[in-house]
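Student: Could we take a close look at a single part of this protein together? I would like to go slowly and build up a picture.

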Amino acid sequence: MTVTPIDLFASFLHLDQGGQVRAAQPVFDPERDGWQLMTFHVETDADVHADHWEVHSAADEVVSCLSGGIRLCLRPQQPGEKEEEIKLTAGTAVIVPRGRWHRIALDAPSDIMSVTLPRGSRLEKRSEA
């Protein structure tokens, strides 16, 4: 096997159950088993689907801000509660618990890395209250 550099912004890394790691086209597949590491350069809220909530039912998700600044927003769990925001600056991360609806909003153009099990992940259009 030849060892070569991988462009993390042009590939997703698949970490398979058997211990194999491979680079693949950056396509999010909610039917895929195995952990997936994804890295993105984002310029606008549209780049992070800020108008949608996202949930991962199979595992927690690590969301990391590598450069720039983002806000991780957690959807209220009970009616009447407010949306929770966690500011992430360069070099910080948060663990989003399995089954917790969340979204990302940008404070500046940013590089973001996330790791989760994509199986069972869903998006839901965010409605403005």
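Student: Is Met38 buried or exposed, and why does it count that way?

Tutor: Happy to look at that with you! Keep in mind that this is a predicted model. Met38 has a relative accessibility of 3%, and buried means under 20%, so Met38 counts as buried.

Now let's see where that residue sits. Met38 belongs to strand E3. Leaving aside neighbours within four places in sequence, Met38 is in contact with Phe12, Phe28, Ile112, Met113, Ser114 and Thr116.

Take Ile112 first. The largest nonpolar core has 14 residues, and Ile112 is among those that touch the most other members, along with Val48, Val63, Ile70, Leu72 and Ile104. Strands E5, E7 and E8 each supply at least two residues of this core, with E5 giving the most, five residues. As a general background, nonpolar side chains tend to be buried together in soluble globular proteins.

Next, take Ser114. The largest pocket holds about 300 Å³ of space. Of the 17 residues lining this pocket, Ser114 is one of the closest to its centre, as are Phe40, His49, Glu54 and Ile104. E8 gives the most, with five residues. By class, the lining has nine nonpolar, four polar and four charged residues.

Methods
Residues are numbered from 1 along each chain as its sequence is written. This is a predicted model: local features need pLDDT of at least 70, side-chain atom pairs count only at pLDDT 80 or more; totals for chains, interfaces and linings use all residues. Side-chain values use heavy atoms; hydrogens and water are left out. A nonpolar core is a set of buried Ala, Val, Leu, Ile, Met, Phe, Trp, Tyr and Cys residues joined through side-chain atoms within 4.5 Å. Buried means under 20% relative accessible area, exposed over 50%, partly exposed in between (1.4 Å probe, protein chains only). Helices (H or I, at least four residues) and strands (E, at least two) are DSSP runs, numbered from the N terminus. On a 1 Å grid over the protein atoms alone, a cavity is a set of points where a 1.4 Å probe fits but cannot get out, and a pocket is an open set with protein on both sides within 12 Å along at least five of seven lines; lining residues have an atom within 4 Å of a point. Grid points are joined across faces, edges and corners, and a volume is the space filled by probe spheres set on the points. Ala, Val, Leu, Ile, Met, Phe, Trp, Tyr, Cys and Pro count as nonpolar, Asp, Glu, Lys and Arg as charged, and the others, Gly among them, as polar. Contact means heavy atoms within 4.5 Å.
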